[in-house]
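Please look at the structure first.

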Amino acid sequence: MLTQVLNQVQPHKSSIVLVGDINIDSLKEHKSKNRLEETLAAHDIYRLNLPPTRITRNSATSIDCVCTNLSTEHLRVHVLETGLSDHKGQLCELDITTEQPKHISQIRRHINPHTLNDLKLSLAQQTWTEVYSTLSADGAYNSFLNIVTMEINTACPTKKMRQRKNNKFTNYSDREVNQLKQEYLQSLHRYELTGLERDRSIMAQKKKLYDLKLRKLRQDNAANHIFRSSNKSKAAWEIVNSERA
């Protein structure tokens with residue numbers, strides 16, 4: 001399957017970085033490791049040598065991979081203890097040139113409380129003589145539509161605007177959360193080395209305390225974000241959309 005994918009993407013025409021749990025240990029010599037390296041080499045791709053990415057009481061294996069055709073000068077990899085799974089995380093930093101995003105503009109109607117108030121005043125001053133004096137229903141409707149459209153275009157004109165970047169709602173951390181996280185990671189590392197039930201129980205308790213504190217902090221930040229916003233509904237949807245992203 002890997003060969004088929006590489007043949008389709010044609011690595012010789014672009015920069016390639018493959019990452020993920022491949023379940024092939026790079027710290028020991030065996031057939032699967034040699035076969036993978038030969039497949040990658042056929043496309044001028046190599047696998048970076050990473051320290052153990054999964055550590056248990058009885059083993060330490062590097063079964064998560066970062067493979068690329070970039071030179072080591074343009075790629076840096078950090079193995080992180082995240083505590084999210086029994087595998088360590090891999091943070092890849094790429095030093096490559098990318099195209100600057102183009103500013104996208106769009107035509108939007110200028111609507112705010114001030115322009116809406118102007119529209120209300122303009123409509124209130126209308127006599128609607130053309131509407132009342134027209135005999136047919138279609139003619140009256142067209143007259144009404146023309147008047148309303150003209151007033152909307154006057155009070156709330158369309159303007160060419162740059163598309164704004166989506167400001168994602170950010171969950172912040174604090175000193176206590178960081179301390180709880182470090183205590184959890186330390187207990188996790190201890191359990192990985194010993195495999196003892198006592199250490200597993202301590203690790204589970206530390207994780208529970210960390211999760212509860214993190215959840216409380218996120219709830220407080222969400223409540224503060226809504227409280228400080230002048231548009232409560234919009235602020236609430238910003239939080240919802242940030243969770244979906």
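Q: Is Asp86 buried, partly exposed or exposed?
A: The model is predicted, so local features need pLDDT of at least 70 and side-chain atom pairs count only at pLDDT 80 or more, while totals for chains, interfaces and linings use all residues. Residues are numbered from 1 along each chain as its sequence is written, and side-chain values use heavy atoms, with hydrogens and water left out. Buried means under 20% relative accessible area, exposed over 50%, and partly exposed in between (1.4 Å probe, protein chains only). At 39% relative accessibility, Asp86 therefore counts as partly exposed.

Q: Which residue does Asp86 meet in a salt bridge?
A: A salt bridge is a side-chain nitrogen of Lys or Arg within 4 Å of a carboxyl oxygen of Asp or Glu. For Asp86 the N to O distance is 2.9 Å, and the partner is Arg54.

Q: How many residues apart are Asp86 and Arg54?
A: Helices (H or I, at least four residues) and strands (E, at least two) are DSSP runs, numbered from the N terminus. Asp86 is in the loop between strand E6 (75–80) and strand E7 (89–94). Arg54 belongs to strand E3 (residues 54–55), so the pair links distant parts of the chain, and the separation is 32 residues.

Q: Is Lys33 buried or exposed?
A: Lys33 forms a salt bridge with Glu29, with the closest N and O atoms 3.3 Å apart. Glu29 has 63% relative accessibility and counts as exposed. Lys33 has 7%, so the class of Lys33 is buried.

Q: Which helix holds both Lys207 and Asp211?
A: Lys207 and Asp211 form a salt bridge, the closest N and O atoms being 2.9 Å apart. The two residues are four residues apart, about one turn of the helix, and that helix is H7 (residues 197–228).

Q: How many salt bridges are counted between domain 1 and domain 3?
A: The whole structure has 11 salt bridges. Between domain 1 and domain 3 the count is zero.
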